[in-house]
Number of protein chains: 2
Amino acid sequence: MDETQLIDRYFRDLGANRGDVALGIGDDAALLRVPPGVELVLTTDALIEGAHFLPGAPANSLGHRALAINLSDIAAMGADPAWALLSLNMPAVDESWLRDFVTGFGALAARHNVALVGGNLGRGPLSITVELAGLVPTGHALRRDRARPGDWLYVSGSVGDAAQGLLQPVVTADGSSDARYLRQRLEYPTPRVELGEALREIASACIDVSDGLYVDAQRLLRASGCGAQLQIEQLPLSDPLRRSAGEEAWRTALSGGEDYELCFSAAPEFKDHIDELAPKTGQPISCIGRLRRESGITLKSGNSVMQFSPSGWDHFRD
Amino acid sequence: MDETQLIDRYFRDLGANRGDVALGIGDDAALLRVPPGVELVLTTDALIEGAHFLPGAPANSLGHRALAINLSDIAAMGADPAWALLSLNMPAVDESWLRDFVTGFGALAARHNVALVGGNLGRGPLSITVELAGLVPTGHALRRDRARPGDWLYVSGSVGDAAQGLLQPVVTADGSSDARYLRQRLEYPTPRVELGEALREIASACIDVSDGLYVDAQRLLRASGCGAQLQIEQLPLSDPLRRSAGEEAWRTALSGGEDYELCFSAAPEFKDHIDELAPKTGQPISCIGRLRRESGITLKSGNSVMQFSPSGWDHFRD
């Protein structure tokens, strides 16, 4: 099977059918219609075998994750996802793997109205790079650098599950339900696209939690030129994480990556509004601390200051 | 050195400084302003070690090529390149390699007014994926599927040089100038961006020659539902290719990939206009044949039909 046949069979109609795609897969590039009054949002993120997943990782999950990690970036900008490109390097053609991969990718793409409009297939060690374009009303994107001292700091869903999921055995039908839950959170992260859109007029700054809550919150704070005091009791820990990690659960929640939750700040006047968002968007939103002028993060448990060394994920740290 | 430091040192200000970049590298995604009256053009292409280049390939050339192969796609659409994302997987941090890589990438980006607005660094076997966005006046993009019987078929520059360059020893200062020329054509392809823009109101269809002229011309013809008769004497063969490949030069020109020239069709009324384009855009444009209703490609040398089996590059052909 040659590249054209592979594309026809697995990729040509993947994802949503959007009216703003003037020309999709099959030419030198895709042609897209951008409506007036919006800014274009562009991001890319990759999954590399050996770095982001182990050999033998389920293809359906990889298809889902490769798109989800990009949807999460678009969500963190408060944007609506629109068009994706997929660059897939594979050591060989494995049609059963490809079927599972596009099923995982396609289901998530359809759910978020994303059309696959182009890409590239190459032979090499398995790696998956997705580029995602979204749209956001001009001037209304969520950025990292607009938080202010006095704002509250929030995080969606629960954090630390995916990192704990890495330590679980591969899911089997008879695995414990905690292990299944934690693996599922790792293998099928839920990008918070609806929440990002809902935060457009509310959040002062936003970032997605991909490398660990502590490290990503620090990035938001640094970009905004402020610091924060966080209350450990307020960290949203799932019951499976509490049972699995015990006393260390809060450290896992702060340092573990791959959560793909949103961490955002908002002025105090929006507190009630944000409390109302949780039931609307279907996941909890926890207020975990407050921003201050002084830089850095202070962690408190009750009135005690806790010591914590962040070990957020970084591929290139020495 | 961590990922953020790498980005700050090598990537943050790479390429052109464009006024339409509302937010570049450093947030979850980039924010770009799309002017009215244009369509967005999106493409991606990758270079994978072992598939597209050998271990030890010069980093400066890889930086150039990774962008050039995407610029070539944008050129084939008749579009103006604008914003790039770069996903770079590296086995380790090698700062000397990185310096050379960004020098090659940055020089070509600056030449074509491309801003690097985002990307992703990951640890893994060396592979380079670039996503490039361009803009084209609405309804004026060059496509593959609008050629008509009776149109002339053209190709820019010369073809086969890069494929012959693959057979040359690595360039040394004392290498033959033919070998140097051919290697240069492989390692530093020139995307025909200005030509693509100039063809917007002229060409009926266009494709970039990445997998070999025969195969790519066939793609254009198939998409347009026609065939063509090509005259071998009209193929643009460089003198170094003629000297290096001898009697086989025309076969190399038809089958060799990585030329990154433009192959396009145009109605006969534009013939004079196209002849005038060559001096303006700085490279020859050769009329290599004529389109007809009957599908397939007939190759003629004088009045004799020549036999030729295309062996254009395909990573996944069995």
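Biologist: What makes up the secondary structure of chain A in this model?

Modeller: In this predicted model, chain A has 10 helices and 13 strands.

Biologist: How do you know whether chain A agrees with a compact globule?

Modeller: Set the value against the rule: 2.2 Å times the number of residues to the power 0.38. For 318 residues that gives a radius of gyration near 20 Å, and chain A has 20 Å, so the two agree. The C-alpha trace spans about 65 × 50 × 40 Å along its principal axes. Of the 318 residues, 55% count as buried. Among contacts between residues at least 6 apart in sequence, 86% join residues at least 24 apart.

Biologist: Nice. Why is the relation between chain A and chain B called a two-fold axis?

Modeller: Chain A can be laid on chain B by a turn of 180° with a shift of 0.0 Å along the axis, and the RMSD is 0.0 Å. That is the relation of a two-fold axis. The same surface serves both copies, since 100% of the contact residues of chain A recur in chain B.

Biologist: How many residues are in contact across the two chains, and what makes up the side of chain A?

Modeller: Contact here needs C-beta atoms within 7 Å. By that test, 58 residues of chain A are in contact with 58 residues of chain B. Strand β3 (residues 38-48) of chain A gives the largest share of its side, nine residues. By type, the residues on that side divide into 29 nonpolar, 13 polar and 16 charged.

Biologist: How do you know that β3(A) pairs with a strand of chain B?

Modeller: Pairing takes at least two bridges. Three bridges join β3(A) to β2 (residues 30-32) of chain B, and the strands run antiparallel. Leu42(A), for one, has Ala30(B) as its bridge partner.

Biologist: Why is Ala29(A) called buried, and where does Ala29(A) lie?

Modeller: Ala29(A) lies in the loop between β1 (21-23) and β2 (30-32) of chain A. The cut-off for buried is 20 or more other C-beta atoms within 10 Å. Ala29(A) has 29 such neighbours, so the residue counts as buried. Leaving aside neighbours within four places in sequence, its contacts include Gly118(A), and also Val41(B), Leu42(B) and Thr43(B) from chain B.

Biologist: What makes you say that helix α7(A) is mostly covered?

Modeller: The count: 10 of its 12 residues are buried, among them Leu213(A), Arg219(A) and Ser224(A). What covers these buried residues includes strands β7 (152-156) and β8 (203-209) and helix α9 (249-255) of chain A.

Biologist: And how does the span of α7(A) compare with the expected one?

Modeller: The helix, residues 213-224, reaches 16 Å from its first C-alpha to its last, close to the 16 Å expected at 1.5 Å a residue. Gly225(A) follows α7(A), with a positive phi near 70°.

Biologist: Last one: why is strand β8(B) called largely enclosed?

Modeller: Seven of the seven residues of β8 (residues 203-209) of chain B are buried, so the strand is largely enclosed by the rest of the structure. As for pairing, β8(B) joins β10 (residues 261-266) of chain B over six bridges in the antiparallel sense. Ala203(B) stands opposite Ala266(B) in β10(B).

Note on methods. Residues are numbered from 1 along each chain as its sequence is written. Chains are lettered from A and ligands numbered from 1 in the order in which they are written. This is a predicted model: local features need pLDDT of at least 70, side-chain atom pairs count only at pLDDT 80 or more; totals for chains, interfaces and linings use all residues. Copies are superposed by least squares on the C-alpha atoms of residues with pLDDT of at least 70 in both. Helices (H or I, at least four residues) and strands (E, at least two) are DSSP runs, numbered from the N terminus. Ala, Val, Leu, Ile, Met, Phe, Trp, Tyr, Cys and Pro count as nonpolar, Asp, Glu, Lys and Arg as charged, and the others, Gly among them, as polar. The expected span of a helix is 1.5 Å times one less than its number of residues.
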